[in-house]
Amino acid sequence: MAHYDTVIRGGQVVLADRVLPLDIGIQDGRIAALEVTGLATADEQIDATGQVVVPGMIDAHVHLNEPGLDDWEGVPSGTSALAAGGCTTCIDMPLNGLPPTTTVEALQAKLALFERRSYIDYAFWGGLVPGNLPQLAPLSDGGVIGYKAFMSAAGGKQEGAFREADDLTLYEGMSHIAGLGRILALHAESEQITAALTAAQLRSGARSAQAYLASRPVYAEVEAVKRALFYARLTGCALHFVHISSPEAAELIVQARLEGQDVTLETCPHYLVWTAEELEAIGPLAKCAPPLRSQQDQEGLWKLIGSGAIDMITSDHSPCPPELKDSSDWFAIWGGISGAQSSLELLLGEGHVRRGLELPLLCRLLSSNPARRFGLAPAKGAIAPGADADLALVDFTAYRLQREHLLDRHRHNPYAGRQMYCRVTRTLVRGKTVYDLKHQVAGPPLGQPARQLGCKPESLQTASRSALTSTD
């Protein structure tokens, strides 16, 4: 009779293409067995009766703001919140830390800050900024997942902060990154358009939420996506577009993939649950860039999710001190949403409970697709024998999220007060419980660098031509 370190019994387990009642045997941090019932003995038994067991989320877009700005968030609080939200691996962005991760020295400093301080496993994006092309190869050797560039102002005003890439930097950077077999992630908004529209609003004296929305229209996102895809065709660079907010931009990316380009995209929960019409009522906690869009845009994104055209969901957790959200001037308010703890619950609740989308589809967006795209599969992203036992137990009982539930530093999650349709009750990283609903964060920080099993990002051919007509 087999004996395991841990057995999770009685749950409905989300596999790649179905949901089955299975027991999960865990040995040495990995999934050793999946059986319909009756796995033998174990040192620890976890009762998942009445709950759903999903692969831990891989959040490929978080800003934990170390080094330099740990008063904005920090590794311990940020990864605690991620763990409470069912996330088992995060990929930290090169900003808003000081210095940003644009040099090998900065990468090494960030690695040291995560060691023995992170509650979940982790990986890092490097940065592409003017003047750091010679750093791209050393950053690749140092283990970055890929590189991030901004096509609009990056927001940081401090000395040494991350800067947007001009067109020449973008083109030459893509050429370098293609040669390294890596991937470039892009914040795609046209700086020329958004800067001009912002200046016009400021000259008129407009400072409202609606003025801010008018300064960052959908066409600024669409133009930047078209330009980046053009450069990528010329250079052969693999691309990943972050926080896409509009179906028009998403459809351009899907079409490029159908034509043979190696390109993926993510969107975020805030674009799926809020609309531009609600921004003023929600308040400064919901200011972000690109901004919230129309109800029609939101429905278009959900249709693209249902068709398989959108590749992944990320939080874009971008916190700041409370005073940076305290202003009546919407152009002065820091643009970023603190949603680390809520992404999985929002997507499964809004997508599965309210819209009837299948759990395997949604878990591909949260887990398996980012694992495949960023070289972490097969160790990460799926419930399968041999994979790391990175798991979240989810109770599909509605509850109201309260500020006291939150574990991030400032607890400025704008979803507080919202009814959620499911709740993470336990999170395991490599078989060890790092969060449970009763005890909150459990034990010492156990996070390790996520193992990237290959340099070349995997192309995700999830879209079909029907996906392009799904919003008609």
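I began at His240, which stands opposite Thr264 in strand S12. S12 covers residues 263–267, and strand S11 covers 238–241. I found 3 bridges joining S11 to S12, and the two run parallel. Two strands are taken as paired if DSSP finds at least two bridges between them. Helices (H or I, at least four residues) and strands (E, at least two) are DSSP runs, numbered from the N terminus.

A note on the source: this is a predicted model, in which local features need pLDDT of at least 70, side-chain atom pairs count only at pLDDT 80 or more, and totals for chains, interfaces and linings use all residues. Residues are numbered from 1 along each chain as its sequence is written, and side-chain values use heavy atoms, with hydrogens and water left out.

Buried means under 20% relative accessible area, exposed over 50%, and partly exposed in between (1.4 Å probe, protein chains only). Val263, Leu265 and Thr267 point one way, Thr264 and Glu266 the other, and all are buried.

Then I traced the sheet. It is open, has 8 strands and pairs in parallel, in the order S6-S7-S8-S9-S10-S11-S12-S13. Strands S6 (57–62) and S13 (312–313) stand at the edges with a single partner strand each, so one side of each has no neighbour in the sheet. I also looked at S9 (residues 146–150) and S10 (residues 183–187), which run parallel and are joined by 4 bridges. Ala149 has Leu186 in S10 as its bridge partner.

Helix H7 (residues 218–235) lies across S10, S11 and S12, at about 165° to S11. Axes are lines fitted to C-alpha atoms, for helices over the stretch in contact, and angles run from 0 to 180 degrees between N-to-C directions.

Last, I took helices H12 (residues 343–353) and H13 (residues 359–373). They pack at about 150°, with axes 10 Å apart. They are therefore roughly antiparallel, a label for angles over 145 degrees. Which residues of H12 meet H13? I listed Leu344, Leu347, Leu348, Gly351 and His352, against Leu359, Leu362, Leu365 and Leu366 in H13. Contact means heavy atoms within 4.5 Å. By class, that contact has 7 nonpolar, 2 polar and no charged residues. Here Leu counts as nonpolar, and Gly is among the polar. H12 is mostly covered, with 9 of its 11 residues buried. Among them are Ser343, Glu345 and Glu350.

Note on methods: Parallel < 35°, antiparallel > 145°, perpendicular 65-115°, else oblique.
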